[in-house]
Amino acid sequence: MKKMNLPAFLLALAFCIGITQQAALAQSTTLVFDGSAYGTDAFVSNKVLSGKTSFVTLGDCSTTVGAHVTNSVGSVNVPPLFTTGAIHTGAMTSANMSQSSSHVQQLSSFSGLITADNITAASSTTDQNGTLKVSAAGSSFTNLVVAGNKIQGTPDPNTKVDLTGLGYVILNEQRSTIKGATAKLVVNMIHVFVTETNVYKIPKGAQIIVADAASGIEIAENAALDGFSYGTRAHLAHTIISGPSALEVMPCLGTDGEVRQNSTASVNVPKILKTGTVKDTVQGTISASSTMGETTSTVDGSNLVSGLLTAKVIKADSNAATTSEGKFTFNDTGSKFLGLKVSGHPEIHDDVAPNTKVKIAGLGTLWLHRVIQTDSYIEVRMVELVVTETNSYGIKVGTDVRVANAHVSLDINHR
């Protein structure tokens with residue numbers, strides 16, 4: 001059986017000329033990288049039959065040059081969908097490139113209907129002085145057999161083969177998008193579509209993917225954006241007690257000035273928190289001369305820990321912008337309380353100073369209008385309770401509760 005030098009494969013993918021399109025760029029731009037890969041996946045509609053294996057991703061809004069993530073599994077055994085040997089995946093960035101890869105050994109799918117000794121999916125996206133290019137160079141099969149027919153080498157992109165009594169398979173599937181300042185390439189080396197009632201009892205409409213790699217680049221004319229807002233959250237170390245409510249996320253290239261929002265009618269976390277309506281928004285614009293972003297979270301009718309803190313309205317408002325000189329500026333001028341009351345502290349009113357820290361006897365620390373700021377972001381947590389003592393409320397020590405949280409950041413990789 002032929003084997004590949006996996007470390008060399010993951011660290012150096014050959015690049016050749018792919019699909020190209022010229023993008024009009026300003027002199028000062030930022031590259032936002034996208035990249036992910038996995039070994040196997042199977043689903044029908046929104047139902048997962050077998051989740052993504054050996055999954056890796058560069059994450060959202062990545063502007064980091066030199067990022068490198070890898071993952072591996074020894075084998076996958078989900079008959080009759082697929083059984084495999086080792087799977088190795090990777091995603092990485094360089095000064096002008098995003099690339100990813102997936103390598104699957106010893107595949108057998110649908111009881112031997114599709115087999116291969118080695119399968120490699122490779123995807124790269126490159127910015128060459130404003131011209132975006134994508135390539136699947138490095139994608140390959142070794143000893144591929146489909147429905148008893150041995151296929152020599154690697155089929156042409158998007159080769160369709162009918163599978164009698166099951167559906168069909170697309171081999172070396174490549175889906176590329178190059179539009180304006182955005183380019184992306186998704187490579188699925190095997191993509192089975194189940195269209196018939198079958199002996200394997202796999203539901204019609206199911207899709208099975210083996211060896212997926214995706215890469216992409218977005219070109220921001222100025223600094224890239226990142227951020228989020230949510231109404232409430234409670235966690236204990238890495239354990240989520242109540243996830244972010246009405247979460248809204250800032251896209252890397254902003255929203256073209258549109259206000260995007262999410263809301264929920266109420267939140268109820270027993271023993272900890274009750275609220276009325278929660279509304280979260282993000283808004284951002286990027287042009288050749290400036291980048292501006294704003295995230296907000298507004299929470300009505302808050303009641304924290306049996307009346308410890310109450311408020312009619314709590315609003316977090318985080319703003320970020322670049323100046324004409326390219327400097328980053330941040331503020332939270334829209335943040336506010338209405339009707340704020342803290343039990344045992346009559347001195348606290350709506351105009352409480354930023355980063356006010358209140359010791360709550362027999363419970364922990366209460367932060368009000370907490371502002372966390374660095375050279376690249378601002379985050380506003382209007383209410384944050386950190387439980388540090390054993391208490392009569394039955395809330396575990398280490399619990400962290402937040403109300404009205406808004407974060408926005410600017411990033412540039414100095415192309």
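**Exercise 1. Count the disulfides in this predicted model and describe what you find.**

Step 1. Look for pairs of cysteine sulfur atoms within 2.5 Å. That search gives one disulfide.

Step 2. Name the partners. Cys 61 and Cys 252 make the link, with 2.3 Å between their sulfur atoms, so the pair passes the cut-off of 2.5 Å.

Step 3. Cys 61 belongs to the loop between β4 (56-57) and β5 (68-73), while Cys 252 belongs to the loop between β21 (248-249) and β22 (260-264). The two are 191 residues apart, and their bond links distant parts of the chain.

Step 4. Check the handedness. The angle about the S-S bond is -110 degrees, and the link is left-handed.

Step 5. Decide whether the ends are buried or exposed. Buried means under 20% relative accessible area. Cys 61 comes in at 14%, so it is buried. Cys 252 has 10%, so it is buried too.

**Exercise 2. Find the aromatic pairs, then classify the one formed by Tyr 168 and Phe 193.**

Step 1. Start with the count: the structure holds three aromatic pairs.

Step 2. Recall what you need to classify one. A pair of rings is described by the distance of the centres and the angle of the planes.

Step 3. Apply that here. Tyr 168 and Phe 193 are 4.9 Å apart, centre to centre, with 15 degrees between the planes. Planes under 30 degrees apart count as stacked, and stacked is what this pair is.

Step 4. Ask what the pair connects. Tyr 168 sits in strand β16 (residues 167-179) and Phe 193 in strand β17 (residues 182-194), so the pair ties together parts that are 25 residues apart in sequence.

Step 5. Compare the cover. Tyr 168 is partly exposed, at 22% relative accessible area, whereas Phe 193 is buried, at 19%.

**Exercise 3. Which rings have a charged side chain over them?**

Step 1. Lys 52 lies over the face of Tyr 38, 5.3 Å from the ring centre.

Step 2. Arg 370 places its charged end over the ring of Trp 367, at 4.0 Å from the centre.

**Exercise 4. Work out the surroundings of Thr 295.**

Step 1. Locate Thr 295: it is part of strand β26 (residues 291-304).

Step 2. With a relative accessible area of 0%, Thr 295 is buried.

Step 3. List contacts, skipping residues up to four places away in sequence. Thr 295 touches several residues, among them Phe 228, Met 250, Val 282, Asp 317 and His 407.

Step 4. The Thr 295 side chain reaches the backbone oxygen of His 407 at 3.2 Å.

Step 5. Compare sequence and space. Ser 409 is 114 residues from Thr 295 in sequence, but their C-alpha atoms are 10.0 Å apart.

**Exercise 5. Describe the chain as a whole.**

Step 1. Count the elements: one helix and 34 strands.

Step 2. Get the dimensions. The C-alpha trace spans about 80 × 50 × 35 Å along its principal axes.

Step 3. Sum up burial. Of the 415 residues, 51% are buried.

Definitions and conventions
Residues numbered from 1 in each chain as written. Predicted model: local features only at pLDDT ≥ 70, side-chain atom pairs only at ≥ 80, totals over all residues. Heavy atoms only, no water. Helix = DSSP H or I, 4+ residues; strand = E, 2+ residues; numbered from the N terminus. Buried < 20%, exposed > 50% of the residue type's maximum accessible area, 1.4 Å probe, protein only. Phe/Tyr/Trp six-rings, centres within 6.5 Å; stacked < 30°, edge-to-face > 60°. Lys NZ or Arg CZ within 6 Å of the ring centre and 35° of its normal. Contact = heavy atoms within 4.5 Å. Polar contact = N/O pair within 3.5 Å; in protein donor to acceptor, adjacent residues only side chain to side chain.
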